[in-house]
Amino acid sequence: MSYLLTQLVNGVSLGLVLGLIAVGFVVVFKSTGVLNFAHGSVLLLGAYLVARLHPELGFWGALAAGVAGAALVAALINTLLVRRVAEHDPGVLAILTIGVDILLLTELTRQIGNDVLDIGAPWGASVVGAAGVSLPASRAIAAGTAVVLFAALGALAARTDWGLAMRAAAADPDTASLMGIRLSRTSAVGWGLAGALAAVAGVFLTSYPTPGVEPGVSVVAFAAIPAWVLGGFDSVPGAVAGGLVIGVAQALAIGYESELHFLGGGFGEVVPYAVMVLVLLLRPHGLFGQKEAIRV
Amino acid sequence: MSDRPAASLRLDSPLRLISSLRLDSPARAAGAVLLLAAVAGPLWLTDFWLQAGLFAMAAAVGAIGLTLLVGVAGQLSLGHAFFLGVGAYTYTLLAGEREDGMSGFGLPPVAALLAAAAVAGAAGAAFSPIAGRLRGIYLGLASLGLVFLGRHVWLNAEDVTGGYNGRTVEAFAVPGFSFSDEDPDYLAVLGTPFGELHRLWYLFLAVALLAAYCGRGIKAGRAGRAMAGVRDGETAAASVGIRVARVKATAFTVSSVYAGVAGALTALAFGRVAPDSFALTVSIDYLVMIVLGGAGSIAGASAGAVFVSVLPLMLVQYSAHLPFLSAPGSGGVDAATLSRFVYGVAIVAVLIFLRGGLAGALRHLGIRTARAGRPSRPARPAERSTPKESAP
Amino acid sequence: MTIRPLAAAALCLAALTACSTTDPDAGPGDGDGSGIRTGNGVTDSEIRIGVLTDLSGPFKAGAAVQVQEKKAYWAARSAQGGICDRKITMDVRDHGYNPQRAVSLYRSMAPDVVALQQVLGSPAVAAVLPLAEKDDLYVGGMGWASVALEYQVAQIPGTTYSIESANAVDYLVDTLKVPAGSTIGHVYFEGDFGGDSLAGAEHAAAARGLKIHPIKITPQDSDMSAQAAALERAGVKGVILGASPSQLSSLASVLASNGVDVPLIGNTPTFSPALLNTPAREGLLKNFYTVTSVAPYNGEGAAVKTAAEMFEKNAPDGTKGWEVPLAYGQSELLAEALEKACENGDLTPKGVVAAMHETSGLDTQGLFSGTLDYTKPGEPPTRKVFVSRADPEAPGGLKVLDTIEGPSALSYKFE
């Protein structure tokens, strides 16, 4: 029983971190309609900045710098590149972000070189435990932080002008623009927010029990894509729920691999995608998404 | 590759014959030179370039298929690598012998190649009900899932695929002639010994030309116009009587057939199939090819395929002669890093500055020179507008 | 369109008349004045060897160390008069862990080298070995997967992963006193490295009355907490790891902080001295062992010391790991084969492969465990391994405890 509980807790904490990344996809998609493939390298950038700067600035200073840096770069990607593309086709924009991802990732890989950089988090490798279940402190803190950030984001979306503007922009950009909403600012804030969340997720993904910052971390963002799809593309609570589903499913698939052997070895790796395809088959617009109405 | 059907030309006048070649157009002249160079390639290219050329031609076939789907029909697909893999494994399984605990059917390679196209096409058709329900990035994401699921199956179905390490691919052959170093064991043309690479070159060239020819036909034909209609607006297309779901299914099937052939060719060029050859990065590489070339353009897709396949090889091969490159592992910009940078910059620059990719840019150039030279000649329709059948 | 069939027909005709199916130079290769037959990659003054490695992909760190050491070795060797009165030059190419690129680069190197001293990265090896077999071109330094034994041209530098793991199980039973009937975990990469490691461990476990709890992972998995929990649940009394340093770091630290105090034995590629500066340090120092057929940096043999000195002179800031004695040892193996080929008067690629298979009873002065015998095709040259422990004092982070050749390592059969 405690084994199941351990895997569940592991899955929930991982799922909340995936949720942070997935929410970034949602915010970018809502504010600009872009599937952002550069999200993973922005995440890596945030973690890299923290790892490089913490010896000088201390962890909290470095964290602030990393979050700000990732947010700034994400906003710049939008302002300098995405908005310059004349053809506002989702496919073209997605491919543009692939190009940006290649550039950013190549440079970060070159900077990181052969090292695995220590993130320098104060919680280190300590473990918290209760009721026979132990969890790395980093994961417990990650879960708590994610919940706080989700709540703050909810408040931001519901109570501020930016939240209203973003919803208006998502519903109908042209009308929103006519009504005096400055789309450039709304979308820059959206991208920046996504970058900041990614940086926070990046810090947790490179803390114990993983070895540290290495280029492969950016791939984790891909695992958040199924979470985002599951949640229905444009729903923040949906993305969080999607993250939880994926995190728990993945942890259970790894934890019970010996029992799931008929599905093939290493099934944990593909669980997110299997769940995603299944959901898209049954509910093409995700669990929480709104169906677009098309009439002829 | 003339736009005109062959039947419309008669061999009655030498003058007409020469004018029918239309070498006056710079693009055509360049094409003719390229074709000649390609035909003569094995006589003067080293093994390295032959190998690179095989990969490039295989990629060109796949890229043409993808550009029909993404560029012409407007359906974003990140699943192209999956269909390439289906083709590659189908060929390997059907043509391979049963040995070392591996399954194999020992079919004639020609049949296996055709089956690779058919099975990949069937996989595309099977996916198209999903494709019919999804649009834009939704579709891209669903197809992303295919790549990961396919990889999982290939890694685990070890007696068919050889698992992670992959398995050896049976050489291509027609009765009496093998596209390998054997049967005939020694073959020389104009004093150049023709081994596996030289022989495969002509097979690949023929398939690539056929693929381009068919691709142009599809694009200019009814199916192509329907696809373009769906791309430009599903609702509008449906209102003029285009059956959107069916057109999407056709586009997926056609593109998968191309991918299946390209996958089998890649396997032949490589001599092996392994799941890593069909990873997500491969899907992305193919998207890059068609974007660089100009989405929807057959020639552009081929050029993009050559660029993407050959550039990294060239940089690595000649890195010692490029003074601005540093040694790999030294932390500076090495050849592999540079080729990634060139890639990324090319994608971003093409999308922002060069609408329509290389093909679009060349076309603009062509129009300008044509106008300067002979103002009477009409410019060809722009890529983004609905393609028209050229008048017979 | 119409002119094309004509042109094509003319071309075909021209081509046909120019065709020939008899090989004009099917005779023996060129000889020089000294009566030594030579072929690709050998001139009167130079022997050219190739290294096809990964300097920009996931293995760039270790690969760069090996290239540095090899360059130093061949420079020194050439300065001492070379081999067969020829100096040795190295052609290094970077495939970036991309097997298609590796194949293309192989095509460009093969006509100009007499041997490929190293092909690194298992997908690249799997793609290149069949081509090299066809070309009769020596391939060394391809890792330790058993699949290399199927190729005549391959010279495996030491024993296989399967023998390493079988020895690991023997060591667990005989020295670390894991009781019969226990379960041991085996965490491994999919592919020929991890799969081979698992095959050896399964054989040995069956022979020694143990059960194996296998967990397959991928190189991208760097968080081992779920795997650690699964191992804990299975009640493992030891863990064998066929993976890379990232996974070792995570697994060692999670097991340690969960209070799972069992020995953790890794195949050669799992350890990197940098791990002793991570949170995994305590867990590694307490429980980590590694089984290798190449000596660790701090090995005791005379040649290992020479290798280390050479490395420190050439790359004072380089990472001191098992790659250094490995690179030096591989160079010694190839040098041995080249010397013998020279003696035999056949310095062609084929002659080098033949000479390599004449090597037996080779004592590498501590670089490799045991004496090496390459005369039996399909068999590894040795079944002995070094067992080492993590040690923060030792340069390279490992200290040799013992050299073993366990009963299940001896009874393992290669198909």
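1. Val85(A) counts as buried, its relative accessibility being 6%; buried means under 20% relative accessible area, exposed over 50%, and partly exposed in between, with a 1.4 Å probe and protein chains only. The model is predicted: local features need pLDDT of at least 70, side-chain atom pairs count only at pLDDT 80 or more, and totals for chains, interfaces and linings use all residues. Residues are numbered from 1 along each chain as its sequence is written, chains are lettered from A and ligands numbered from 1 in the order in which they are written, and side-chain values use heavy atoms, with hydrogens and water left out.

2. Val85(A) sits in the loop between α2 and α3 (90-112) of chain A; helices (H or I, at least four residues) and strands (E, at least two) are DSSP runs numbered from the N terminus. Not counting residues up to four places away in sequence, Val85(A) touches Val92(A), Leu93(A), Leu96(A), Leu351(B) and Ile352(B), where contact means heavy atoms within 4.5 Å.

3. Leu81(A) lies in helix α2 of chain A and is partly exposed at 21% relative accessibility. Leaving aside neighbours within four places in sequence, Leu81(A) is in contact with Leu76(A), Leu96(A), Val100(A), Val348(B) and Ile352(B). From C-alpha to C-alpha, Leu81(A) and Leu96(A) are 8.2 Å apart in space and 15 residues apart in sequence.

4. Leu80(A) is also placed in helix α2 (residues 39-81) of chain A, and with a relative accessible area of 44% this residue is partly exposed. Together, Leu72(A), Leu76(A) and Leu80(A) make a nonpolar surface patch of about 270 Å². Patches are made of residues with over 30% relative accessible area and no salt bridge, like charges being joined within 9 Å and nonpolar side chains (Val, Leu, Ile, Met, Phe, Trp, Tyr) within 5 Å. A salt bridge is a side-chain nitrogen of Lys or Arg within 4 Å of a carboxyl oxygen of Asp or Glu.

5. Chain B has 15 helices and six strands, and 55% of its 392 residues are buried. Among contacts in chain B between residues at least 6 apart in sequence, 72% join residues at least 24 apart.

6. In chain B, helix α2 (residues 26-44) packs with helix α8 (residues 196-220) at an angle of about 155°, the axes being 8 Å apart. α2(B) and α8(B) are therefore roughly antiparallel (angles over 145 degrees; under 35 is roughly parallel, 65 to 115 roughly perpendicular, the rest oblique). Residues making the contact include Leu35(B) and Pro42(B) of α2(B), and Trp201(B) and Leu209(B) of α8(B).

Technical notes: Accessible areas come from the Shrake-Rupley method with a 1.4 Å probe; for residues, only the protein chains shown count as cover. Axes are lines fitted to C-alpha atoms, for helices over the stretch in contact, and angles run from 0 to 180 degrees between N-to-C directions.
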